[in-house]
Amino acid sequence: MPPKPLLHRDDPEAAPLIGNIKVTREDWLNIGLDVLIRDGEERVKVLALAEAMGVSRSSFYWYFKSRQDLLDALLTRWEETNTAGLIRQAEAPAERVTGAVLNVFRCIANPDLFNTALDFAVRDWARRSDAVLARMRAGDLARVTALTAMFGRYGCGEREALTRAKVLYYMQLGYDMAEPEESHDYRLAMTPEYLKVFTGQAPTEVELQEFAEYSRAFWRDLSQ
């Protein structure tokens, strides 16, 4: 698990808070997301969040109408982070389809583009909420649609593009859920083979080098 989020007031690079404000709306969202990921949405309680930040419960209502308002905001953050992030990467320019898939692989490397733990937390939440399930399915559809369009740009027919998109997307979800203990070097060594499976083509050395340099900055070696 990543470390708990830094509050605005504890961040030496953040602008000073004005007046009696002790925490920001972003603080509430970040702490709420942390609890959602670690413990599930049932533990996202206003009083518990307030105690974790050392503030009164009443300060919550400066930013949110209700607990449900906060939960809705957490879902919106998930959409803005994960769904929008994957779509941006699928739409990023690349000369070859292998480079396009490597752009998508950046979501795996960089949690700012795609927070895997948050995605799993929302999927778990969706098992208990029809409203969340509907938003999750809409997100999956938007992601697969973007990946389908990506493959289509490189000459795949409609059915082939959709099939490759689904194979790429759902394989990656399952792969991340399994959490295999693999080193960065091992994953890089396997990347050309995955690209052959997903695209039918081998990547160039330049593409692999660019991805290696990018991913190395974010990799946390789970085997250690």
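Which helices each supply at least two residues of the lining of the largest cavity? Keep that in mind as you open the structure, which is a predicted model.

**Stop 1: the largest cavity**

Start with the cavities. The structure holds two of 30 Å³ or more. Go to the largest one, where about 220 Å³ of space lies.

Now select Phe105, Ile108, Arg187, Thr191 and Phe211. Of the 15 residues that line the largest cavity, these lie nearest its centre.

Next, colour four helices: H4 (97–109), H7 (158–178), H8 (184–199) and H9 (205–216). Here is the reply to the opening question: each of these four gives the lining of the largest cavity at least two residues.

What classes of residue make up the lining of the largest cavity? Colour by class to see. There are 10 nonpolar residues, four polar ones and one charged one.

**Stop 2: the second largest cavity**

Move on to the second largest cavity. About 140 Å³ of space lies in it.

Select Leu86, Val104, Ile108, Tyr169 and Gln172. They lie nearest the centre of the second largest cavity, among the 13 residues that line it. The elements giving two or more residues to this lining are H4 and H7. Keep H7 selected: five residues, the largest share of the lining, come from H7.

Colour by class once more. The lining of the second largest cavity divides into 10 nonpolar residues, two polar and one charged.

**Stop 3: the cysteines**

How many disulfides does the structure have? The count comes to zero.

To count, the two sulfur atoms must be within 2.5 Å. Turn to Cys156. Cys156 is in no disulfide either, with the sulfur of Cys107 as its nearest cysteine sulfur.

Cys107 has 4% relative accessibility, so Cys107 counts as buried. Cys156 has 16% relative accessibility and counts as buried too. The cut-off for buried is under 20%.

Terms used
Residues numbered from 1 in each chain as written. Predicted model: local features only at pLDDT ≥ 70, side-chain atom pairs only at ≥ 80, totals over all residues. Heavy atoms only, no water. 1 Å grid on protein atoms, 1.4 Å probe; cavity = no way out; pocket = protein on both sides within 12 Å on 5 of 7 lines; lining within 4 Å. Points joined across faces, edges and corners; volume = space filled by probe spheres on them. Nonpolar A, V, L, I, M, F, W, Y, C, P; charged D, E, K, R; others polar. Buried < 20%, exposed > 50% of the residue type's maximum accessible area, 1.4 Å probe, protein only.
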